[in-house]
Each structure stands twice: as structure tokens, then as C-alpha cells.
Amino acid sequence: MEKNRNLWIDYLRSALTVLVVAHHSSLAYTTFAYFDTKTYINSTNPIVDNSRWIGMDVFENFNDIFFMSLMFFISGLFVYRGLIKKGRQTFLVDRIKRLGIPFIIGVSILIPIAYLPSFYLNNHSFDLSLFIKDFLQNQQWPVGPPWFIWILLFFNCLAATIPTKFYTSISKATSQLTKNPARFFIVIFIFVSLSFIPISIWVGQYKWTGLGPFDFQVNRLLLYFIFFIFGTCVGSGNWEIYFFTNNKFLNKSWQFWLILCLFFYLLVELFTYNVWDIVRAGRLGVNLAWVMFDLLFVASCIFSSFLFLSIFKQNIHKQYNLWTNLSANAFGIYLIHYIFITWLQFALLNVLLPVFIKFLIVFSVTLLVSWIIINFVRKFKIINQII
């Protein structure tokens with residue numbers, strides 16, 4: 001049971017990592033993509049292609065709504081057991097080693113390499129001394145995907161300061177709530193909405209801030225923490241027993257969650273497409289429009305997360321060697337993939353290919369090369385102990 005529990009969760013986590021690679025592969029080709037020729041860090045992506053396709057918008061928007069929230073939830077699931085098994089001090093030392101060291105390597109070596117093509121597009125030069133000066137001073141040391149790593153480390157440190165009794169108490173309350181799925185959803189919806197909507201209205205939907213590489217998306221920080229700490233709480237108990245009945249999430253098949261997931265995501269897309277004309281016409285206030293959008297965002301986030309949890313729990317019953325290897329290398333793939341994303345997008349800028357083909361090339365080559373490299377370097381014991 002323990003083996004199966006870790007197996008389907010590990011497979012889900014690795015699948016989300018693959019989704020991250022695909023997500024970043026798509027960002028050069030969305031219709032809303034924008035490249036700032038003066039300060040590339042203000043661009044929507046390090047590389048922006050002139051070839052665009054709205055299908056990339058749909059794919060990117062769907063991922064953006066839920067996948068990092070679910071990643072934080074999964075990351076929280078095993079925190080309680082780590083605290084109990086290792087003790088707070090040893091747990092924190094282990095987290096600093098396994099998250100802090102990769103973060104330092106990522107932001108000091110890997111991410112600068114990933115942003116070098118952006119510097120070239122701005123300055124038509126690969127002069128490394130000028131690049132480093134510009135990277136640190138003008139671009140203010142962009143963090144790239146490793147933002148997730150330092151935020152996760154920060155959340156782990158916070159989790160270690162909370163009494164373990166808190167986690168078990170919330171776990172027991174959750175087990176009671178799941179007996180009534182509708183009530184469970186309402187409670188989760190309220191908590192997630194309160195963690196997300198007021199801050200979003202206050203600071204804006206897409207504002208990032210921070211000091212150097214310690215950058216984060218302001219309106220989502222509390223949202224991610226709620227998912228992480230909820231994962232820690234439910235992970236302190238026998239959560240599969242009360243989340244899954246007859247192998248079904250809240251006694252509902254994955255097809256049920258798929259319908260709700262697609263329905264609410266469709267509402268998000270339709271609302272986004274139509275509402276701003278209504279706002280510009282003066283028939284709806286801007287703040288009210290954003291509140292309505294955020295409510296749909298939260299519902300879509302929750303149901304998409306429910307869907308992925310349900311799919312993997314219901315369908316992963318045995319080990320697959322290739323997928324197990326992917327799971328073992330997923331964190332390393334996340335750490336290095338951005339280099340290959342940006343350089344491949346840069347190399348394909350002037351190549352006349354359909355957008356979807358460019359996306360497939362960037363995604364498949366990035367995933368394969370990152371996987372091969374990480375699988376090799378993890379053969380070294382000192383690296384394997386970290387990633």
C-alpha cells in the first residue's frame with residue numbers, strides 16, 4: 001500500500017514536471033506574447049517568436065490556472081512524515097541541502113545561460129562581461145523557473161515552525177468534511193478564494209516582485225501556501241482512505257471531474273474573451289470583473305487538481321520502468337530544462353515551420369536532452385544525494 005501510494009503520487013509529480021516543460025515550450029508562441037527590446041525581463045518570455053497560434057494560449061492558460069498549485073499540494077503531502085521521522089532540525093538541514101543547493105546552482109549558473117539569447121536579441125552581442133553586468137544590474141537577476149524551488153524551501157521552513165498537532169487536527173476535520181463532498185468543495189473553495197482574490201484585487205493579477213533571484217508572483221504566494229499547508233495537513237493522516245472511496249476521488253470517477261474541469265475552464269476562457277468589451281462599454285466595473293474572473297479561476301484550479309489526482313489514483317496500479325526513471329529524474333529535469341527551452345526557441349526564430357511543429361521540437365528535444373543529462377549526472381553519488 002505504501003509503495004502504491006508513493007508510486008502514483010510520484011508519477012503524478014513527474015507528469016506535472018513534463019507539463020511544466022511543455023508550458024515553457026509554448027510561451028514563445030502565444031498570441032499575447034511580447035518581447036521588450038529594451039529590458040527583456042519585462043517580456044512575457046525570454047524568446048518570443050513572430051509565429052503565433054491561439055491554441056498555445058488555450059494550452060498555456062489551462063496549465064497556468066492549476067499546475068503549480070497542485071505541485072505545491074503534492075510537495076506538502078510528505079512534509080509531516082519528514083518532520084516526525086527526522087525531527088525539525090534534521091528536516092530543515094535536509095531541505096536546505098536538497099532545495100537550497102539546487103536553487104543556488106540554478107540562479108547563478110543555469111538561468112544566466114538560459115537568458116543569454118535574450119541579451120543577444122536586445123544587444124546583438126554575446127559579450128559575456130556585458131551580459132553579466134546587464135543581467136545583474138539592468139535585469140536585476142531574473143530567477144526563471146527556480147522561483148518554485150526557493151518558495152518551496154521557504155514553505156518547508158514555515159511548516160517546521162508549526163506544531164505537528166495542528167496538522168493532525170486539520171486532517172481529522174478534513175476526513176469529516178469529505179463525507180459530504182459538496183460541503184468539502186465549498187469549504188476548500190472559500191479558503192482558496194480568500195487566499196487569492198483580495199490580494200489579486202489589491203496588487204493586480206500578474207505582478208511579480210522580490211529581491212534579485214528571490215522573486216515571486218505576489219497575488220499567488222498565499223494561494224500556493226494554502227495548497228502546500230493543506231497537503232501537509234492531509235498528509236499527516238490516512239488521507240487516501242477518506243479522499244478515495246472504491247479508488248474514486250470523493251467517490252466520483254475521473255470522468256466526472258473531467259467534465260467539471262473542462263466546464264469551468266471553458267467558462268474562464270469565455271469570460272476572458274467577452275468581459276473586457278463589457279467593461280470598456282461601462283456596463284461592468286473593473287474590480288467586479290476581476291472578482292468574477294478570480295472566482296472562476298479558483299473553481300477551475302480546484303477541479304483541475306481534483307481531476308489529475310483522480311486520474312492517477314484510479315489508473316496507476318503497477319510500476320512502469322520508463323516512468324519510474326522519469327520520476328527519479330523529474331526534479332533535475334525541472335532544474336535544467338529552461339536552458340534548452342530558450343536556446344531552441346532562439347534557434348527556431350527564423351525557421352519557417354508551423355507553430356505547432358516548433359512547439360513539438362522545443363518540447364520533445366528539451367525533455368529528452370534534459371532527461372538524458374540528469375540521468376547521467378545522477379550516477380555521481382554526491383549529485384544523486386541532492387537531486
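**Notebook: cysteines, rings and core**

I looked for disulfides, meaning pairs of cysteine sulfur atoms within 2.5 Å, and the structure holds 0 of them. The model is a predicted one, in which local features need pLDDT of at least 70 and side-chain atom pairs count only at pLDDT 80 or more, while totals for chains, interfaces and linings use all residues. Residues are numbered from 1 along each chain as its sequence is written, and side-chain values use heavy atoms, with hydrogens and water left out.

Cys261 is in no disulfide either, as the nearest cysteine sulfur, that of Cys301, is 10 Å away.

I also checked accessibility, where buried means under 20% relative accessible area, exposed over 50%, and partly exposed in between, with a 1.4 Å probe and protein chains only. Cys157 is partly exposed because its relative accessibility is 29%, and Cys261 is buried because its value is 1%.

Next I turned to aromatic pairs, in which the ring centres of Phe, Tyr or Trp (its six-membered ring) lie within 6.5 Å, with planes under 30 degrees apart called stacked, over 60 edge-to-face and the rest tilted. I noted 63 such pairs in the structure. One of them joins Phe62 and Phe66, and this pair is tilted, with 5.3 Å centre to centre and 55 degrees between the planes. Both residues lie in helix H2 (residues 54-76), 4 residues apart, or about one turn of the helix; helices here are DSSP runs of H or I with at least four residues, numbered from the N terminus. Phe62 and Phe66 are both buried.

I compared this with Trp276 and Trp290, another tilted pair, at 4.8 Å centre to centre and 50 degrees between the planes. This pair links distant parts of the chain, since Trp276 is in helix H11 (residues 254-280) and Trp290 is in helix H12 (residues 286-315), 14 residues apart. Trp290 is partly exposed because its relative accessible area is 22%.

How values were computed. Helices (H or I, at least four residues) and strands (E, at least two) are DSSP runs, numbered from the N terminus.
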